[in-house]
Amino acid sequence: MRVLVTGAKGFVGKNLCASLKNIQDGKDKRFPDLKIDAVFEYDLGNTPEELDAWCRECDFVFNLAGVNRPQNQEEFMEGNFGFASLLLDTLKKHGNRCPVMLSSSQQASLTGRFGNSEYGRSKKAGEELFLKYQDETGAKVLVYRFPNLFGKWCRPNYNSAVATFCNNIANDLPITVNDPSVELELLYIDDLVDEMIAALQGKEHRCDFDGLGVFPMEKGPYCYCPVTHHVKLGEIVDLLYRFAEQPKTLTIPEIPNGSFAKKLYSTYLSYLPKEKVAFPLKMNIDDRGSFTELVHTLNCGQVSINISKPGITKGQHWHHTKWEFFIVVSGHGLIQERNLNDPEGKVIEFEVTGDNIQCIHMLPGYTHNIINLSDTEDLVTVMYCNEIFDPNKPDTFFDPVQ
């Protein structure tokens, strides 16, 4: 399959083309039956001759080209309707009736706050042109009305509030929120691209619209992405400021799979300047080695790195409720544990090495230690604890294992 993407250098185009090339190169294993032979990337820098040749050869068209921020209102119609007309005329010239996808906008509804939108009128005109083309040629047309989009590579200070907020907060720049209670419908770029790949396979989601309302139906005249998020501006900003504090607090906010927070965090990170990509951690150093907290979570404890110098024993304590994993990643050591309620005082032992990585439970009610058996090499241990250390309730009591 040969795929033509117009507007290939735009936000959606860059993400879509990257995914199409991964499929083409066999890097994305989710689509074993989808064969892509070529991705034709058309944008302002390409020639009319290239567009003509690609319209002749392509098997599917994603029309993402359009104007969002022109110098005057007339450019909306020229950039959105005008190019759409040229594209369809070129396909007609070559008798190419391949499926064509059109990226439209919620503003094409011309309802509510969009009732007097020149951009919306240009998008609506483009929709009508494509649907007429479908009636005239029998070619399959897929018209998507996108809500607000967000994700990596989105241009800040342009037409995406989320991109602007992410960029400015990541770079310690001010932001303006006139009304935190305003709710946005947001579509994440990876969810959009997944829907577009589904459309490429003939598995698009069909619907009709009533204003901004989406009504799924098997043979609807329009298409939609079924995964969007309704979020208030104030919630977005609060999350972003929490993300920005992570290098100081070490706390990873809750980001469940599929959640808006998870998608926003990935988006935020893509705007970090070089000087914030790396950040220092506080190493607690003494003559035995060091202990460094890496990550805190809201409800699932913390992860740390412990370094023990040659011959050093650490630990020698026990917990009522707290439990840990010890994972030696470098060096040679011995972990010992003793049940405080065992009258025989039996010690269980685990010899550990970075050459054979394994995870050892530090059990509640068992005093435990970790001994560096090497005379020359540091012992490096990743430690997970099910709770963040609370100095007011440390749940840690000294008692030698032996």
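**Talking through the model**

Author: Happy to. Helix α6, residues 189-200, lies across β6, β7 and β11, and runs at about 55 degrees to β7. Keep in mind that this is a predicted model.

Reader: Good to know. What order do the strands have in that open sheet of 3 strands?

Author: The order is β6-β7-β11, and the pairing is mixed. The edge strands, each pairing on one side only, are β6 (148-150) and β11 (229-232). On average, neighbouring strands here are turned by 45 degrees against each other, direction ignored.

Reader: How many bridges join β6 to β7?

Author: There are 3 bridges, and the two strands run parallel, with β7 covering residues 183-188. For a pair to look at, L149 has L187 in β7 as its bridge partner.

Reader: Nice. Zooming out, how many helices and strands does the protein have?

Author: It has 9 helices and 23 strands. The radius of gyration is 29 Å, well over the 21 Å that the globule rule gives for 402 residues, so the protein is more spread out than a compact globule.

Reader: And what box do the C-alpha atoms fill?

Author: Roughly 90 × 45 × 40 Å, taken along the principal axes.

Reader: Okay, new topic: which strands pair with β8?

Author: Strand β8, residues 206-210, pairs in the antiparallel sense with β9 (residues 213-216) over 4 bridges. β8 also pairs with β10 (residues 222-223), again antiparallel, over 2 bridges.

Reader: Which residues does C207 face in those two strands?

Author: In β10, C207 stands opposite Y222. In β9, the bridge partner of C207 is P216.

Reader: Which residue takes a positive phi in the hairpin of β8 and β9?

Author: That's G211, with phi near 65 degrees; the hairpin has 2 residues between its strands.

Reader: What about the open sheet of 5 strands, what is its order?

Author: That sheet reads β19-β18-β21-β16-β23, with antiparallel pairing. Its edge strands are β19 (347-353) and β23 (397-398), each of which pairs on one side only. Further in, β18 (residues 332-339) and β21 pair over 7 bridges, and R338 stands opposite T367 in β21.

Reader: Great, thanks for the tour!

How values were computed: Residues are numbered from 1 along each chain as its sequence is written. This is a predicted model: local features need pLDDT of at least 70, side-chain atom pairs count only at pLDDT 80 or more; totals for chains, interfaces and linings use all residues. Side-chain values use heavy atoms; hydrogens and water are left out. Two strands pair if DSSP finds at least two bridges between them. Axes are lines fitted to C-alpha atoms, for helices over the stretch in contact, and angles run from 0 to 180 degrees between N-to-C directions. Contact means heavy atoms within 4.5 Å. The radius of gyration is taken over C-alpha atoms; the globule rule is 2.2 Å times the number of residues to the power 0.38.
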